[in-house]
Each structure stands twice: as structure tokens, then as C-alpha cells.
Amino acid sequence: HDNQSLPYSMTGTKNEEITQEILRFPLKNLKGEQTTLDEENGWLLVDLWQFGCEPCYEKFKKFGKEKASEGQTTLEKAGVKLLCINPLSDNMEQIKKVADKYNVNDLLYAGKGLNTLIKAQYYPTFYLISPKKEVVLKGNSINDDEIMETIEKYKLKK
């Protein structure tokens with residue numbers, strides 16, 4: 001599936017900054033449309049995932065159930081755009097199979113090569129990005145409550 005991890009020494013930045021190069025990196029959705037993080041407005045939750053990652057699939061299962069029952073995820077209702085990006089593959093056929101299985105077709109993106117710019121030792125890796133394009137939360141396992149608390153704290157500081 002084009003899903004081979006690069007050696008640790010080649011996995012990108014050692015800091016938490018979202019550089020212009022990362023913000024402008026092309027991402028493709030299942031409709032074939034291209035976007036970048038820079039073009040997206042508001043709060044973004046970037047979910048870096050890879051094929052065969054069970055914790056990644058568990059998160060997709062949660063998102064898919066929320067979409068099936070509520071029409072959108074809890075985070076989307078709160079104004080957070082989800083971008084579940086596979087930074088190792090551009091195999092849209094395989095990505096679509098995963099999306100169809102979990103009912104998350106509008107959340108999955110291909111971003112092959114992004115792993116050379118963002119260090120992700122483990123999958124999934126989440127980045128909560130503010131409207132000003134700052135990383136305000138990062139982790140391998142973050143929940144909706146943590147995300148909402150972080151957003152509220154951020155808003156209070158501004």
C-alpha cells in the first residue's frame with residue numbers, strides 16, 4: 001500500500017512547529033480535490049494514520065458511528081475540521097476501502113511524503129491546530145474532552 005515507514009532519522013522535524021512547507025503540503029481527498037492546511041480555516045485536527053494501524057481504525061470507527069447517528073462528529077459540531085491524513089501513501093483505492101469500511105469518506109486524505117516534514121514516531125499522531133496555524137495540542141491518544149478544553153483555554157488566553 002505504499003505504507004513503508006522511513007527510517008527514524010528521516011521522519012522530519014524534531015519540533016512541534018507547523019512550518020510553511022507543512023502548511024502548503026498538498027493533500028488529496030477521495031473526490032480527487034486538493035487542499036492544504038493553509039487553505040483550511042478555523043480549528044483543525046490533523047490525524048496522521050497508516051494502513052494496518054488498529055488504534056487508527058478504532059478512531060475511524062468512533063467518527064463513523066457519530067456521523068451515522070448525528071450526521072457529523074462531535075468535534076465537527078464544535079467547529080473542528082478533521083483531516084485524517086495518511087502521510088505514507090497516495091493509493092486512493094486502498095484509502096477509499098478504509099473510508100468505506102468506517103463511513104469516514106469525507107475525513108480521509110492522502111498526503112504521501114508529509115512524513116518527511118512531520119515527525120510521527122507512532123500512529124495515530126494528532127495535532128490540534130489553532131485558526132492562527134499554531135500547534136496547541138499534540139499526542140498519540142487525545143480525546144474530545146481534551147481537545148475542547150484546549151480550545152477553551154486557548155480562547156481565554158487570546
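A salt bridge is a side-chain nitrogen of Lys or Arg within 4 Å of a carboxyl oxygen of Asp or Glu. The model is predicted: local features need pLDDT of at least 70, side-chain atom pairs count only at pLDDT 80 or more, and totals for chains, interfaces and linings use all residues. Residues are numbered from 1 along each chain as its sequence is written, and side-chain values use heavy atoms, with hydrogens and water left out.

**Exercise 1.** State how many helices and strands the chain has, and give their order.

Solution. 
Step 1. Helices (H or I, at least four residues) and strands (E, at least two) are DSSP runs, numbered from the N terminus.
Step 2. The chain has five helices and seven strands.
Step 3. Their order along the sequence is α-β-β-β-α-α-β-α-β-β-β-α.

**Exercise 2.** Describe burial and contacts in the chain.

Solution. 
Step 1. Buried means under 20% relative accessible area, exposed over 50%, and partly exposed in between (1.4 Å probe, protein chains only).
Step 2. Of the chain's 158 residues, 49% count as buried.
Step 3. A contact means heavy atoms within 4.5 Å.
Step 4. Among the contacts with a separation of 6 or more, 70% come from residues 24 or more positions apart.

**Exercise 3.** Locate the salt bridge between Asp144 and Lys62, and classify each partner as buried, partly exposed or exposed.

Solution. 
Step 1. The closest N and O atoms of Asp144 and Lys62 are 2.9 Å apart, and the two residues form a salt bridge.
Step 2. Asp144 lies in helix α5 (residues 144-157) and Lys62 in helix α2 (residues 54-70), so the pair links distant parts of the chain, 82 residues apart.
Step 3. Asp144 counts as buried because its relative accessibility is 12%.
Step 4. Lys62 has a relative accessible area of 26% and is therefore partly exposed.
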